[in-house]
Amino acid sequence: MLRIYDTQTGGKKEFVPVNEGKVGMYFCGMTVQSEPHVGHMRVAVVSDIFRRYLRYKGYDVTLVINFTDIDDKIIEKARERGVDYQKIAQENIDKFMEFLAFLGAEKADYYPRATAHIDDIVAFVERLVENGVAYESGGDVYFEVGKWPGYGKLSKRRLEDLVAGASERVELDDRKRNPEDFVLWKAAKEGEPSWDSPWGKGRPGWHIECSAMTTKYLGEHFDIHGGGTELIFPHHENEIAQTEAATGKPYVNHWVHHGLVNLVGEKMSKSTGHFKTMAEISKQFSPDVVRFYLLSTHYRSEIEFSDERLAEAATAVERFENLFRTLERLVGREGEGVVAAQASPAVVDARKRFFDAMDDDLNTAQAIGHLFDVVRVINQEVGSGADEAVLRSDRAVLRELSEVLGLLEGIGTAGEEVPPEVLELVRVRTEAREARNWALADETRDRITALGYSVEDTSDGPVARKDK
RNA sequence: GGCGGCGUAGCCAAGUGGCUAAGGCAGAGGAUUGCAAAUCCUCGAUCCCCCGGUUCGAAUCCGGGCGCCGCCUCCA
């Protein structure tokens, strides 16, 4: 039984889809005001792992990730650079997609943008006005929080606390009836992008786009809505208010919030400039390493991002790579002579524990622990000369589990080309070793190393491969 | 101030009432190797921030501390 956490109820509960056999998932992507950083990468990996696993469980999954492509910062940047705001947005969207591909995350089914859904947004706001929970004021439209009794149920905040807090911090806008009200539609300011609406020219507030787009793509009541914990309030709280006030139905069954990514102990954020971009990361580490690293901590926990942590992950990932390589040497390429489940009992057992962990709120950290058990068992079997049929089945399990995590998909399935000059040196070294000329053998190995390759003496003779 | 989360071996990280507290990285020793590499084996918390309490039994529940972090209307 698959259990998934829900922020609103504050615990794990059985996953029961709204529509049998199908899953609707929406993750808040990014406000494309600057280039994506490692925090956004976590959304990409978390949404991807949810989709992979639900699909593994047999569901037909629809994943939607939005882009907020209009906000104050985007407008400001466009003005600074003297370009259209859409150019800023598009550049950052392109970068986001690029790194999604880098991470091996499959594309979402829809990537809706706020500015492409103005009609839907306006219709949604109108619905709220008609329902008496929103009001127009000076060209703005506000959601009147006090008119909707469920407000605060996600973030566990009480309205009076909000009012008290707000009075200290927020300058009272005289267009608002109450300080806790939030904007659904903003009247246009001079020189800003704007769209026509029943309240005059303007642009959407930050929260309303998600309500309009989720209901459009996934319906008024769907399964999973994700994002970072910092979005719980106000963004998701407001989204619930807007949507449920409009539809009169429960909105989302599982609110899934992933922990933030910290850099040197401090939250990464666009606003402080304290972040590491994906571009920097992709130069230093492979997609498998980054994925492995992010998945080795449970998605709801905070995670600290540092080069040291990534380097450790790289060492761990190498063990998987080495095993796939060893298996290829011993029993050939994957897919050749695949035998049905003859995997060894220890592997089968670890496989079961792997899926138990995944069923428990996608506990990838625990699942990875069991995956290492599989690796160790297979290595033991390799060392003791296990039957090829068993090794093939073992490998099939290993492949199955790593695919659930989206790891190592390209490993062991394609031979690595080694250039002729390296192969020649390997031959020279082998001859030297046969002649017990250790000095020449070691010197030749040094030359191979200098070319960026290493050579290992396996039971099947020397094997050369490119260094990382 | 309000709300929420966290504190487990040198580091990272599972485990949230009951077998010997997963796994990874680092380290030590051993096997294997001409030497390496790869791999395997062995070794590490008598204990889970501290102090009380509940319980036959708690890292896990409750109370009180201490420390760290997030949110409180830009932010994945």
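Visitor: What makes helix H7 count as largely enclosed by the rest of the structure?

Guide: In H7, 14 of the 16 residues are buried, so the helix is described as largely enclosed by the rest of the structure. Buried means under 20% relative accessible area, exposed means over 50%, and partly exposed lies in between, with a 1.4 Å probe and protein chains only. The helices (H or I, at least four residues) and strands (E, at least two) are DSSP runs, numbered from the N terminus.

Visitor: What kind of model is this, and how are its residues numbered?

Guide: This is a predicted model, in which local features need pLDDT of at least 70 and side-chain atom pairs count only at pLDDT 80 or more, while totals for chains, interfaces and linings use all residues. Residues are numbered from 1 along each chain as its sequence is written, chains are lettered from A and ligands numbered from 1 in the order in which they are written, and side-chain values use heavy atoms, with hydrogens and water left out.

Visitor: How do you know whether strand E9 is enclosed or exposed?

Guide: Seven of the seven residues of E9 (residues 222–228) are buried, so the strand is largely enclosed by the rest of the structure.

Visitor: With which strands does E9 pair, and in what sense?

Guide: Two strands count as paired if DSSP finds at least two bridges between them. E9 pairs in the parallel sense with strand E3 (residues 22–31) over three bridges, and it pairs in the parallel sense with strand E10 (residues 252–258) over six bridges. Tyr 26 has His 225 in E9 as its bridge partner, whereas Ile 224 stands opposite His 254 in E10.

Visitor: Why is H11 described as roughly parallel to H13?

Guide: Helix H11 (residues 345–359) and helix H13 (residues 388–404) pack at an angle of about 10°, with their axes 10 Å apart. Angles under 35 degrees count as roughly parallel, over 145 as roughly antiparallel, 65 to 115 as roughly perpendicular and the rest as oblique, and the value of about 10° therefore makes H11 roughly parallel to H13. The axes are lines fitted to C-alpha atoms, for helices over the stretch in contact, and angles run from 0 to 180 degrees between N-to-C directions.

Visitor: Which residues form the contact of H11 with H13, and how do they divide?

Guide: Val 347, Arg 351, Phe 354, Phe 355 and Met 358 in H11 meet Asp 394, Val 397, Glu 400, Leu 401 and Val 404 in H13, where contact means heavy atoms within 4.5 Å. These residues divide into seven nonpolar, no polar and three charged; Ala, Val, Leu, Ile, Met, Phe, Trp, Tyr, Cys and Pro count as nonpolar, Asp, Glu, Lys and Arg as charged, and the others, Gly among them, as polar.

Visitor: What makes Glu 388 neither buried nor exposed?

Guide: Glu 388, which is found in H13, has 41% relative accessibility and therefore counts as partly exposed. Not counting residues up to four places away in sequence, Glu 388 touches Leu 330 and Val 331. Glu 388 and Leu 330 are 58 residues apart in sequence and 7.8 Å apart in space, C-alpha to C-alpha.

Visitor: What makes E5 and E8 the edge strands of their sheet?

Guide: The open sheet has four strands in the order E5-E6-E7-E8, with antiparallel pairing. Strand E5 (134–137) and strand E8 (202–204) are the edges, as each pairs on one side only. E5 and strand E6 (residues 140–143) pair over four bridges, and Tyr 135 has Tyr 142 in E6 as its bridge partner.
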